[in-house]
Amino acid sequence: MPTINKALLKSIEQLASEAGEAIMQLYRRDFAVEIKADNSPLTEADKAAHEIIARGLQALTPDVPILSEEDTQSFMGANTEGFYWLVDPLDGTKEFIKRNDEFTVNIALIEEGRPVLGVVVAPALKLAYLAARGLGAFKTDDDGQWQPIRAASPPLKGQPWRVLGSRSHVDSRLSSWLGELGEHHLQPMGSSLKACVIAEGNADVYPRFGPTSLWDTGAAQAVVEQAGGRVVTFHNQPLSYAMLEGANAEHVLNPDFVVWGRPATPR
């Protein structure tokens with residue numbers, strides 16, 4: 001069983017950063033783009049980052065299975081203690097292709113269907129967000145030091161909601177939901193950065209309608225929850241990462257969800 005402590009979190013941060021460096025080497029030059037069976041793009045950077053992370057995790061925790069977006073076939077479920085690694089080697093591939101810098105490396109440790117450790121590295125922005133159960137949530141500063149972060153409470157009466165929305169996915173249901181939310185400012189953003197910005201208190205809510213997969217949300221959810229926020233379905237149920245069987249398409253899809261900051265403080 002992996003011991004969830006600062007040393008493990010630091011090791012995962014270093015591994016995600018190494019993958020991010022490999023991504024940036026390709027980002028600075030021309031790169032090939034393939035189209036996968038689900039019509040999503042795949043680049044050399046996705047593959048390179050996957051190889052680095054898979055090798056690193058296998059060396060670090062050889063008894064913990066790995067479910068990566070770039071390798072679902074070899075995953076047979078969590079280990080007997082309920083653990084597995086959940087990896088998106090390059091989240092926001094569309095943003096990578098557009099060269100707008102809003103892409104991330106996501107690594108999460110799942111225990112009994114819940115993310116208990118998460119690292120999100122945005123290599124082009126030189127940012128990292130990391131969190132683990134019992135340790136809290138952090139953002140790295142310019143010197144690489146961990147600074148604690150905390151999600152914000154809802155806006156005061158009369159103040160608008162700070163809403164984040166997907167830069168590359170548009171859904172007609174969003175306008176209706178925002179109408180019910182009330183006065184707001186909507187800012188588009190790519191990848192798992194949206195959830196991390198909420199975790200650090202710089203936005204209030206991110207509603208997501210439309211398809212996402214477990215690896216898109218697991219690491220950022222760990223960061224949000226350890227910062228005091230929530231990632232729940234529109235029925236107010238936490239997202240589940242329970243994987244007792246193979247990783248087929250049905251198992252890895254999330255329902256629609258919303259990322260909130262801290263709950264309102266009772267008066």
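**Helix, core and sheet**

Me: At the start of α1, which residue's side-chain oxygen reaches to within 3.3 Å of the backbone nitrogen of Ala-7?
Reply: Please keep in mind that this is a predicted model. Helix α1 covers residues 6-27, and at its start the backbone nitrogen of Ala-7 has a side-chain oxygen within 3.3 Å. That oxygen belongs to Asn-5.

Me: How many residues does α1 give to the largest nonpolar core?
Reply: The largest nonpolar core has 38 residues, and those with the most contacts inside it include Leu-57, Trp-85 and Ile-107. At least two residues of this core come from each of α1, α2, β4, β5, β6 and β7. The element that gives the most to this core is α1, and its contribution is 11 residues.

Me: Which strands stand at the edges of the open sheet, and why is one side of each left without a neighbour?
Reply: The sheet has 7 strands with mixed pairing, in the order β3-β4-β5-β6-β7-β8-β9. Each edge strand has a single partner strand, so one side of it is left without a neighbour in the sheet. The strands at the edges are β3 and β9.

Me: At about what angle to β6 does helix α6 run?
Reply: Two helices can be described against β6, and α1, which lies across strands including β4 and β5, runs at about 40° to β6. Helix α6, made of residues 214-226, lies across β3, β4, β5, β6, β7 and β8. Its angle to β6 is about 100°.

Technical notes. Residues are numbered from 1 along each chain as its sequence is written. This is a predicted model: local features need pLDDT of at least 70, side-chain atom pairs count only at pLDDT 80 or more; totals for chains, interfaces and linings use all residues. Side-chain values use heavy atoms; hydrogens and water are left out. Helices (H or I, at least four residues) and strands (E, at least two) are DSSP runs, numbered from the N terminus. The expected span of a helix is 1.5 Å times one less than its number of residues. A polar contact is a pair of N or O atoms within 3.5 Å; within protein, one must be able to donate a hydrogen and the other to accept it, and residues adjacent in sequence count only if both atoms are side-chain atoms. A nonpolar core is a set of buried Ala, Val, Leu, Ile, Met, Phe, Trp, Tyr and Cys residues joined through side-chain atoms within 4.5 Å. Buried means under 20% relative accessible area, exposed over 50%, partly exposed in between (1.4 Å probe, protein chains only). Two strands pair if DSSP finds at least two bridges between them. Contact means heavy atoms within 4.5 Å. Axes are lines fitted to C-alpha atoms, for helices over the stretch in contact, and angles run from 0 to 180 degrees between N-to-C directions.
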